[in-house]
Every structure is written in C-alpha cells, then in structure tokens.
Amino acid sequence: MDIFLLSLSVVCAGGLFALSTYRLFRLMKAGYIALTLAGCLIGLYAVATTLQSDEVVTFSGSWLHLFTLSFSLDALSAFFLIPIFAVCPLAALYNFHYMDKAADSGRVAVNFFFLTLLIVSMALVATADNIISFALSWEIMSLSSFFLVMHDYQKKETRQAGYIYILFTQAGAMFLFAALALAYSYTGSFALSSFATMPASIKVVVFFLALVCFGSKAGVFPLHTWLPHAHPAAPSAISGVMSGVMIKMGIYGIIRLYGVLGATDIIFGQVILVLGMISGVLGVVYALGKQDLKKILAYSSVENIGIILIGAGIGMIGIAVGDMVMASFGFAGSLLHVFNHSLFKPLLFFGAGSVLHGTGTKNVDQLGGLVKRMTTTGKGFLFGSLAISGLPPFNGFVSEFLIYFGAFHGLTQKGATFILIMLAIISLAFIGGLAISCFSRVFGLAFLGEPRSPEAAKAHETDFSMTFPMVVLSAVCLLIGLFPDPFVQMAMLGLKSITSLNLVETSAVAVVTQNLGFAARIFVGVFLFTVVLRKIFYRQKEIGSGGTWGCGFTQPTVRMQYTGTSYGMSIVEFFRPFVQVRTYYSGISKIFPGRTTYESRVDDIAEITLVDRIVTPFVFLLGKFRWIQHGHIQLYISYIIVTIIVLLLFM
Amino acid sequence: MINLTEATLVVILLSVLLSLGSTRLMALVQIMALQGVMVSLTPLLLKHNEAFSSGAIIFYQVMILIKGILIPGLLYLAVKRVAIKREIEPFVGYHASILVGLGLILVSVFITNNLRLSLASGNDIVLITAITTMASGLFLMMARRKAITQVIGYLMLENGIYLIGTALTNHTHTIYVVEFGVLLDVLVGVMIMGIILHNISRAFDDVDTTLLGRLKD
C-alpha cells in the first residue's frame with residue numbers, strides 16, 4: 001500500500017507543479033507530464049505486485065475526527081487500477097502538443113490540475129473500502145471531471161454540456177447516497193464488507209438504487225444522455241480519459257457492489273443483461289446516425305458499456321444458476337472488455353483530437369482523404385476502429401469471444417434464462433455487425449476518399465507527443481489480440497474478489513485463449529503473406545492512380561461521394577420506433593428546379609423523452625411560482641423572517 | 001445612585017427608536033456608532049463579573065474599537081464616496097416606524113416573560129433590549145429603500161445578537177470568541193457592502209434597492 005500511496009502523491013505533486021509554474025508554459029507541461037508518468041509507473045508497479053501476491057493490503061486514516069477513511073487494494077481494485085495508471089499518463093502526454101496555446105497557460109494549468117485530481121480520485125474510488133471513502137472519492141471524481149469538461153467555458157455549448165453532465169452525475173450521486181444510507185441503516189457499519197449481512201430484499205433495493213448512479217456514470221441507456229454532450233465539449237485527451245477510464249468506474253461500482261452483497265438472485269443478472277442489450281444496440285445505432293466525430297465515439301462508448309454489461313449479466317446469471325464456466329467466462333469477458341475499451345476508445349478519441357487539431361472540424365461530412373495527409377493518425381484510427389468493431393486479430397475480438405463463450409455455455413439452461421441468453425447472443429452479434437458498419441462509415445468518411453472541405457484538404461499531421469500515445473495504444477491493442485492468454489488470466493485474477501464465484505481452472509481457460517491467440521497469429525501471418533505476395537506480383541506492372549472513388553468520371557466532384565447520412569440511414573431507419581429521424585427536404589417542384597436542400601437529423605429518444613415528458617412539464621409547473629422572485633430585497637428579507645417564525649412556532 | 005447598566009440599556013433602546021425615526025443617513029451612522037459603543041460596554045457594567053482577565057479587557061477594547069469606530073467609519077466613507085442623497089427614503093413612514101419600535105418593545109417584554117429562562121437578576125432587561133434591537137434591525141432592513149440602510153439594519157441585528165449572548169451566557173470570555181467571529185463577519189460584510197454599493201450606484205446612478213429588481217430573470 002505504501003507504494004500505491006507514493007504513486008498517488010507523485011501524481012498529486014504533478015498537478016500542484018502545474019499550478020505553481022503556469023507562467024512557464026513549456027516547463028509546466030514537461031514537468032507535469034514527467035511527474036504524472038512517474039507516479040503512474042509507480043502505481044502500475046504497486047498494482048502488479050498486488051495482482052501477483054494476491055494478498056489484500058489496506059490503509060486507513062481518520063478524517064475530521066469523526067470518520068475513518070479506509071482503503072484496500074485487492075485483486076478487483078488492482079484490475080481497475082491498470083487502465084487508470086496506464087491510460088492517464090498517455091493522455092497527459094497527448095496534452096503536450098494538443099494544448100499548445102501559451103496564452104491560455106493559466107487555464108491549461110487548471111486543466112492539468114483537475115486531471116490529476118481525476119486520476120487520484122479514480123484510484124481512490126477503485127480502492128475505497130468503506131461507505132465514507134467511497135462516497136467522498138466518488139464526489140471528487142465527479143466534480144473534477146466536471147471542471148475538465150468545462151475547459152472551454154467561453155463556448156455556450158460547452159457550458160451547456162457541463163451543466164447537463166453535473167446534473168446527471170449529481171442526480172446519480174443522490175441515488176448512491178440513498179443506497180449507501182439504506183445499507184448503513186441495516187448494517188450499522190461503514191465497511192463495505194458488512195453489506196453481505198443485509199436481508200435479501202434490502203440487497204435488491206440497495207443494488208438498484210446504486211445502479212441508477214453507476215449506470216448514469218457509465219452511460220447505460222437511458223441514462224447516457226450526458227455522454228454525447230460532454231465528450232464533444234471536453235478536450236480530446238479528457239474525452240479519452242473520461243470515456244476510456246472514468247465511465248468504467250460505474251462498471252467497477254456495479255461489479256464491486258455485486259461482489260460485496262454476495263447476492264445470487266437471478267434478477268440482478270437479468271436486469272443487467274437487458275440493460276446491456278438495450279445500451280449496446282441503441283448506442284451503436286445512434287452512433288451510425290450522428291455526424292460529429294466525437295459524438296459518434298460517445299455513442300460508441302454507450303455501445304461498449306452495453307457489451308460489458310452483457311458480459312457481467314451473463315456472469316451474474318451464471319452464478320445464479322450455478323454454472324460456473326458460464327459465470328467465469330462472462331465476467332472475464334466483461335472485465336477484459338473494460339480493459340480493452342480503455343485502450344481503443346482513448347486511441348480513437350486521440351485520433352479524433354488530432355483530426356480536430358489538424359483540420360479544425362470534427363464533422364465527418366466536412367472531412368475526407370485524411371489518411372493521405374495524416375498517416376500515423378489515420379493508421380491509429382484504423383487500428384482502433386478494427387479493435388472496437390471486435391474484429392480479429394485485435395483485442396476487442398478476444399473479450400467479445402469470451403462473452404460469447406460464456407453465453408453459449410449457458411444455452412443448456414431452460415425457460416426464461418434460455419431465451420434471455422439467446423437474445424444476448426443475438427444482440428451481441430447484432431452489435432458487432434452494426435459496429436463494423438458504424439466504424440467503416442466513420443473511417444471511410446473521414447480518412448478515405450477526397451477532402452470535402454478546404455480545411456480537410458489543408459490537414460497536417462500532428463506532433464510527436466500526439467501520435468506517440470496512439471502508436472502505443474494501437475500496439476497494445478494488437479498485442480492483446482495476438483497473445484491474449486496473460487491478459488485473460490489477469491482478468492481472471494481480478495475476479496477472485498467476487499466471493500460467490502468459483503473460478504474455472506486456469507488450464508481450461510488457457511486452452512481456449514491459446515487457441516484463440518494461435519488463430520490470430522495465423523491470421524496475421526496469412527495477411528502479411530498476402531501483402532508480400534501482392535507486392536511481388538505488382539512489381540513489374542505499371543500502376544496508375546486517379547482520384548479516389550472517381551469511378552471513371554471525367555469531372556468528378558467531391559460532392560459525389562457518400563455522405564454520412566446516405567451510408568448510415570438505411571440501417572438507422574430500420575430502428576424507427578426507437579430512433580427519431582427528422583428529415584427536411586425542400587423538394588423539386590419546377591421543371592428547372594432551384595436550389596434544393598436535404599437535411600436529416602437523428603434524435604436521441606431518451607433525450608427527447610427526458611425533455612418532453614419530464615423537464616418541460618416541470619418547468620411549466622415551477623414557472624407558476626415565478627412571482628415569488630420579484631426582485632424586492634425587502635420582501636426577500638421578510639420571507640426569511642416568516643420562515644424563521646414558522647420554524648420556531650411549529651418545529 | 002444611578003444604575004449604570006439600566007442607563008446604558010435605556011440609551012440603547014433610545015438609540016433604536018431614534019434610528020427608526022431618523023430622516024438623515026449621516027445621523028443614522030452616528031447613532032449606530034453610539035449604539036455600538038453602548039452595546040460593547042454592557043457586559044462590563046453587568047454586576048456579576050467583577051474579575052476580568054487581561055484577555056477579556058483586550059477583547060472589550062477591540063470590540064469598542066470595531067463597533068464604535070471602524071464600522072461607522074466605513075459606513076461614513078461609503079456615504080461620502082457614493083455621494084448618496086442624504087434622505088433615507090422609507091417604505092414605512094418615520095412616525096409609523098417609531099410606533100412599530102414601541103410595539104416591538106412590548107412584544108419583547110412579552111416574549112422574555114414567556115421564555116421562562118432562569119436568568120441572573122437584571123439580565124431580563126438585557127434580554128428585552130436585545131430582542132427589541134434585533135427585531136428593529138430586521139424591521140429597518142425591510143422598511144427602508146436604500147442599500148446602506150440594509151447594512152445598518154444588519155449591524156443592528158448583530159448588536160442584538162451580541163446582547164442576547166451577553167444576557168444568556170456565563171461571561172467566561174471564551175464564549176465571546178463566537179461573538180468575535182460574528183463581528184468579523186459583519187466587518188467583512190460592511191466592507192463588501194461598500195464595494196457593492198459603489199457598483200450599484202455606478203450601474204444605476206442610485207443605491208435604491210428597488211432598482212435591483214430589474215436584475216431578476
């Protein structure tokens with residue numbers, strides 16, 4: 001634990017260093033990155049020793065003389081700490097050239113400081129061992145990420161996004177507090193480990209109250225509304241950290257709570273599974289309908305959270321019906337997908353950030369042909385797209401395969417469970433297919449073809465500090481795909497903290513993963529062989545080149561290319577009742593038609609429902625009380641006096 | 001022989017009534033200075049605390065300094081600098097205000113009798129004065145138009161709270177630490193109010209708080 005605390009202090013020192021030296025812009029950035037990197041490497045070392053030695057280390061201190069803050073580092077915490085300590089320093093490094101306006105140096109320093117706070121608070125959430133420390137670090141995490149989202153506070157959209165985020169996160173926190181308070185009232189102890197002693201019916205209530213909080217943090221449909229607002233508004237590195245790492249704290253909360261409750265009712269698994277299926281399918285469908293690059297990635301996070309929850313749901317159902325193979329593989333796939341998503345989602349966000357940096361726009365319909373101008377970014381984005389679509393030989397395939405494996409193992413069940421698991425398999429397949437079409441759309445629009453706008457034509461590759469994190473992340477994505485065994489074993493180690501789960505033998509897992517890795521390596525071998533063969537065959541031949549997708553036209557224009565809408569709409573429309581598509585078409589009326597316009601927008605049904613059914617009636621109702629606020633100070637004071645008198649008389 | 005405590009309390013009560021009836025801002029500030037000094041003197045004059053430690057002496061001196069000189073001085077500067085028209089502009093007229101003040105004294109007596117606290121002898125009169133001062137402070141805040149009269153009302157409220165503390169506590173001077181904290185709050189409040197007054201008068205060419213009603217959305 002000492003090493004872990006040392007790493008947190010070093011990370012903290014980085015944030016304070018940034019605040020204190022903000023006048024020296026380059027020194028501040030370099031020092032901050034060095035300290036964060038050092039702190040996170042120390043943290044990774046602490047995590048590695050914990051995972052190997054499999055003993056639980058604890059630390060506690062008193063706070064305000066009233067409460068004890070206690071933290072413990074067990075296998076599950078250690079597993080969730082890996083993405084925190086691995087991805088955050090890359091994001092810090094990415095910031096070096098991304099935040100390149102020396103005039104904003106004070107603001108950048110504040111941003112760095114809050115990133116530090118976010119890293120530390122996430123690490124504390126993952127290690128919190130009692131109610132107080134969990135709630136405290138959870139709040140610090142929410143607030144620091146709010147300030148990170150608000151980095152460009154001059155823009156109206158950013159402020160709006162920030163407010164939406166803080167609303168969701170604080171409303172979620174209320175449910176968390178309600179859950180923790182309820183638990184406390186039954187156990188009388190702050191320790192999380194005492195949760196197992198609650199009566200079974202209370203366990204259900206506590207779990208679902210907390211699920212609202214964890215779900216809104218993780219971005220589970222229909223509580224995901226803040227994601228597509230906050231991610232585009234935040235700086236790209238921050239979006240990467242939030243989407244890759246922070247929302248996983250919601251998943252951590254769900255799995256940890258499930259573990260400490262020790263409940264084995266099937267209802268937990270069923271609800272989690274259904275939520276996962278809804279989030280997964282609808283997330284990717286909305287991603288298909290959006291034009292903003294970072295909004296697409298935000299919805300894709302909803303989708304991946306869906307996949308993670310499907311895995312967790314299968315694991316929970318496996319525990320409930322006593323099928324430990326199904327449970328082990330479901331949970332292992334879920335955890336590994338948490339880790340995988342924390343690799344390829346920051347990779348994609350870093351890519352989107354580079355595109356934004358290089359072209360000044362993140363609307364995919366304005367981009368095009370970027371892979372020729374931004375080679376490294378383009379390749380990184382391609383690797384990320386392949387990985388997130390769950391294609392071999394990348395890491396996304398491994399984790400989804402584990403979930404499939406668990407799910408197929410569960411098909412021996414009867415009745416409702418059978419139908420649910422069948423549905424889970426179908427929706428997983430569905431999500432996979434839709435994800436491929438979604439990311440082929442994004443990559444095709446942004447990086448292939450011809451530039452659709454002058455900004456895209458003038459794009460330039462970004463600097464080393466921005467491309468290097470992408471190279472590292474792509475390499476790790478490929479590495480996990482090729483050699484999955486140690487990583488799957490790592491996820492299995494993390495599962496030891498769930499006491500109700502009897503893990504399958506490591507040898508049984510190793511058979512599966514080694515075959516998987518072997519197949520992936522053969523696949524890469526065949527691929528490379530084909531590439532070499534192609535080189536050899538084409539060596540003697542003359543190769544001509546023309547505009548991409550010119551299709552033999554003599555005068556092709558860039559407007560003849562596919563647009564985002566034309567590519568995705570046929571799929572999106574299939575989901576009509578769940579997705580609102582609004583189209584504006586001016587129509588052609590005369591023989592020589594004038595300027596015709598066509599526009600289509602895909603609206604989020606959760607957001608519409610929230611606005612139309614809840615917010616608008618509420619605002620209307622509260623508007624009736626507007627007269628109370630009339631602006632006369634004297635009367636306000638009399639309100640206070642009346643309140644005091646009423647309280648004195650009746651309380 | 002004249003009972004000094006009761007004389008002080010009478011002066012305080014009179015100052016309260018006078019402040020309710022005064023038409024000029026400058027006069028109001030001067031009354032506040034007098035009231036501040038009197039209020040700070042009251043605990044010294046109460047019979048049953050003859051022995052003072054040096055800390056308590058310093059404390060009372062600082063109290064008189066702040067209440068009698070510093071805060072009225074700041075208010076005086078604010079009135080001067082903002083160049084406020086010197087009338088007070090009441091919502092409730094001066095005579096009616098004085099009448100309300102008299103009514104408040106009666107209500108305070110009633111409340112004090114109804115509280116049935118076990119007070120040291122003579123302290124019940126302090127409590128009556130205290131409640132009257134507090135209530136009048138609140139009334140002043142509600143019944144006057146200018147921002148600066150709100151500050152003065154707030155000061156009066158604080159004087160009342162201080163007197164209640166004097167009446168109820170056992171006069172170990174550690175208890176005054178709390179009072180001192182409140183006093184510091186008031187001091188800072190007055191300073192901030194000076195700045196705000198300046199801004200209000202710059203924005204609206206007046207310090208009439210009814211103009212602030214325009215700021216609501």
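Modeller: A residue is called buried when its relative accessible area is under 20%, exposed when that area is over 50%, and partly exposed in between, using a 1.4 Å probe and protein chains only. By that cut-off Met38(B), with a relative accessible area of 18%, counts as buried. Before we continue, please keep in mind that this is a predicted model, in which local features need pLDDT of at least 70 and side-chain atom pairs count only at pLDDT 80 or more, while totals for chains, interfaces and linings use all residues. Residues are numbered from 1 along each chain as its sequence is written, chains are lettered from A and ligands numbered from 1 in the order in which they are written, and side-chain values use heavy atoms, with hydrogens and water left out.

Biologist: Where does Met38(B) lie, and with which residues is Met38(B) in contact, leaving aside its neighbours within four places in sequence?

Modeller: Helices (H or I, at least four residues) and strands (E, at least two) are DSSP runs, numbered from the N terminus, and Met38(B) belongs to helix 2 of chain B, residues 25–45. Contact means heavy atoms within 4.5 Å; once neighbours within four places in sequence are set aside, Met38(B) touches Thr8(B), Val11(B) and Ile12(B).

Biologist: How should I read the packing of two helices?

Modeller: Two packed helices are described by the angle between their axes and the distance between the axes. Axes are lines fitted to C-alpha atoms, for helices over the stretch in contact, and the angles run from 0 to 180 degrees between N-to-C directions. In chain B, helix 3 (residues 54–82) and helix 6 pack at about 170°, with their axes 11 Å apart. Angles under 35 degrees count as roughly parallel, over 145 as roughly antiparallel, 65 to 115 as roughly perpendicular and the rest as oblique, and helix 3 of chain B is therefore roughly antiparallel to helix 6 of chain B. Among the residues that meet there are Phe59(B) and Ile71(B) in helix 3 of chain B, and Ile148(B) and Leu155(B) in helix 6 of chain B. For classes, Ala, Val, Leu, Ile, Met, Phe, Trp, Tyr, Cys and Pro count as nonpolar, Asp, Glu, Lys and Arg as charged, and the others, Gly among them, as polar; this contact of helix 3 with helix 6 of chain B has 12 nonpolar, 1 polar and 2 charged residues.

Biologist: At roughly what angle do helix 3 and helix 13 of chain A cross?

Modeller: The axes of helix 3 (residues 75–98) and helix 13 (residues 324–359) of chain A come within 10 Å and cross at roughly 10°, so these two helices of chain A are roughly parallel to each other. The residues of their contact divide into 18 nonpolar, 5 polar and no charged.

Biologist: And how do I read strands?

Modeller: Two strands pair if DSSP finds at least two bridges between them. Strand 1 (residues 57–63) and strand 2 of chain A pair in the antiparallel sense over 7 bridges, and Phe59(A) has Phe71(A) in strand 2 as its bridge partner. Strand 2 of chain A, residues 67–73, is mostly covered, with 5 of its 7 residues buried.

Biologist: What is the peptide bond from Phe221(A) to Pro222(A), cis or trans?

Modeller: Most residues other than glycine have a negative phi, and most peptide bonds are trans. The bond from Phe221(A) to Pro222(A) is cis, with omega near 0°, and Pro222(A) sits in the loop between helix 7 (200–218) and helix 8 (227–233) of chain A. Pro392(A) and Pro393(A) are likewise joined by a cis peptide bond, with omega about 5°.
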